[in-house]
Amino acid sequence: MENNPAHVAIIMDGNGRWAKARGLPRIRGHQVGADRVEEIMRIAPEYGVRYLTLYAFSKENWQRPKDEVQFLMGLLSDYLDHKLEELNRNNVVFNTIGRISDMPQLIQEKIARNTEATKNNTGLVTTFAFSYSSRLEIADACRRIAREVQAGRLDAESVDEQTIQDRLYTANLPDPDLLIRTSGEMRISNFLLWQISYSELYVTDKCWPEFTREEFEKAVRDFQKRERRFGLTAAPLRKTS
Ligand code: IPE
Ligand code: IPE
Ligand code: MG
C-alpha cells in the first residue's frame, strides 16, 4: 500500500452510547472498547502504521461519576498486568503521555514497569494518553521554558516552535498524519492541539466498540486519497464530466 499514515492518533469515543443503545451498562462499552484497542494495536502495523496514539482518559474525565472512573482505573490496571507479555510478543513499545502523576499509585507503578519492559522493542510505538489535557501539556512546556530562561540556560529570543515542540509530552514522536474520532462528534476535546496542526481528520459515526479492522481500513483508505498541502499550492481541480 502506498501513502500510509505513519502516525495515527485516535479519539476513542462513544463507549457509553454504544452500550446504552443496546440496553447495557456504560461500563460494558468500556470493556468492549478495550478489546478494540487490542485489535487495532495488533493490525495497525499491517497498514504501515509505526506510531499509534490513543486517547484513553482525559484530564476532564476525572469529573465523571466516581464509580465509572473507578471501573476505568480497574480495567486499565488489569490491562497493564495481562497484556505485557503480548506487547513483548508483538514487539510493541508501550508509551504514555499526560499527567501520569494524577493516576493512582499502583497504576503509575504498572505504567513504569511496562514502559521499562518494552523500551527496547522495535515495532509499533503505542502511546496511551492518560489524564491528558493538551492545554495543560502546552502550559507545562511553557513553565519549563520559563525556568530554563530564568536559570540562564535558554535565551528568550531563541524560543521558537522547535523549543516548544521539544518540551511537549510528545517530544519524541512525529506529528500524527491521521486523527480519527469515533462516534460522530466533530470536535477535538483537548487532544494534541499543537501536534495536529496539519493532520488529516477522519470522523466516523461508528462508536469505538464497533471500530473493527474494517472500519480502520476505511479510515486508512480515506487518508490515502487525501492531498496534503501544508500550505502549498493546490493541484488543479479535476474535470468532472
Ligand atoms: C470514550 O467513551 C471513553 C472515555 C472517554 C473514557 P465515552 O465514555 O466518552 O462514551 P460516550 O461518549 O459517553 O458515549
Ligand atoms: C474524549 O472523549 C476523551 C477520550 C476519548 C478519552 P469525551 O467523551 O471525554 O469528550 P467530549 O466530552 O464528548 O468532548
Ligand atoms: Mg464521550
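Two strands are taken to pair if DSSP finds at least two bridges between them, and with that in mind the tour of this predicted model can start at its sheet.

Select the six strands of the open sheet, which run in the order E3-E4-E2-E1-E5-E6 with parallel pairing. At the edges you will find strand E3 (93-97) and E6, each of which pairs on one side only, and on passing from one strand to the next the twist averages 20 degrees.

Next, select E5 and E6, which pair in the parallel sense over four bridges; within this pair, Leu178 stands opposite Glu200 in E6.

From here, move to the loop between strand E5 (178-181) and strand E6 (200-203), where Arg187 has its place. Arg187 counts as partly exposed because its relative accessibility is 47%. If neighbours within four places in sequence are left aside, Arg187 is in contact with Ile11 and Arg181. A distance drawn between the C-alpha atoms of Arg187 and Val203, which are 16 residues apart along the chain, comes to 9.2 Å.

Finally, turn to the largest pocket, whose volume is about 710 Å³. Of the 30 residues that line the largest pocket, select Met12, Asn15, Tyr55, Ala56 and Phe57, which lie nearest its centre. Colouring the lining of the largest pocket by residue class will show 15 nonpolar, eight polar and seven charged residues.

Conventions
Residues numbered from 1 in each chain as written. Chains lettered and ligands numbered in written order. Predicted model: local features only at pLDDT ≥ 70, side-chain atom pairs only at ≥ 80, totals over all residues. Heavy atoms only, no water. Helix = DSSP H or I, 4+ residues; strand = E, 2+ residues; numbered from the N terminus. Buried < 20%, exposed > 50% of the residue type's maximum accessible area, 1.4 Å probe, protein only. Contact = heavy atoms within 4.5 Å. Axes fitted to C-alpha atoms, helices over the stretch in contact; angles between N-to-C directions. 1 Å grid on protein atoms, 1.4 Å probe; cavity = no way out; pocket = protein on both sides within 12 Å on 5 of 7 lines; lining within 4 Å. Points joined across faces, edges and corners; volume = space filled by probe spheres on them. Nonpolar A, V, L, I, M, F, W, Y, C, P; charged D, E, K, R; others polar.
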